[in-house]
Amino acid sequence: MRGTGSWIALVALAGTLLCGSGAAAQTAPSASTDAATPTPDNAVMITVLLKHDQSRPLGELNAQLDRQGYYKAFPPEGIEVVSWYVMMGIGQVVTLRLPASRLREVNRIFETTAWGAYRTEFYPTYDYKAIGLASHEKAQQK
């Protein structure tokens, strides 16, 4: 029985090496996705919550972001920054508009340059301002 277990493990390892796994490292996006621009047909908005590591002083966090190249990489060219606020006691809140094809690129920037100084959360977002204000105006006229 012991030989059979080793044989199964060897076959499983060989299959993993030959077929690859979903845990492979991500690579840089191709040049064709870099040229994409947001249009009404392909644009998405995301809000990124960047929560500070409050166990460390701000100077240390900023030094880490500098070492990791955060502000050099973010925001990437061609990505619209809709808003960028500091939420006191929490961190930063950034809303972006971008082509869906560049979502992975933006995620990788946060993974490689912001993690450690920030914990990140991402939320799909849409602009409700005009609808909300129109509803308010309509309600005021009643």
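Author: A quick rule before we start: buried means under 20% relative accessible area, exposed means over 50%, and partly exposed is in between, with a 1.4 Å probe and protein chains only. This is a predicted model, where local features need pLDDT of at least 70, side-chain atom pairs count only at pLDDT 80 or more, and totals for chains, interfaces and linings use all residues. Residues are numbered from 1 along each chain as its sequence is written, and side-chain values use heavy atoms, with hydrogens and water left out.

Reader: What is methionine 87 in contact with, leaving aside its neighbours within four places in sequence?

Author: Gln92 and Val93. Contact here means heavy atoms within 4.5 Å. Methionine 87 itself is found in strand E2, residues 80–87; strands are DSSP runs of E, at least two residues, while helices are runs of H or I, at least four, all numbered from the N terminus.

Reader: What makes phenylalanine 110 and phenylalanine 122 an aromatic pair, and why edge-to-face?

Author: Rings of Phe, Tyr and Trp (its six-membered ring) pair if their centres lie within 6.5 Å; planes under 30 degrees apart count as stacked, over 60 as edge-to-face and the rest as tilted. By this rule the count is eight aromatic pairs. For phenylalanine 110 and phenylalanine 122, the centres are 5.6 Å apart and the planes make 70°, so the pair passes on distance and is edge-to-face on angle. This pair links distant parts of the chain, with phenylalanine 110 in helix H5 (residues 103–113) and phenylalanine 122 in strand E4 (residues 118–125), twelve residues apart.

Reader: Which residues do ring pairs link into a cluster?

Author: Tyr70, Tyr71, Phe74, Trp84, Phe110, Tyr118 and Phe122.

Reader: How many of the protein's residues are buried, as a percentage?

Author: Buried residues make up 23% of the 142 residues.
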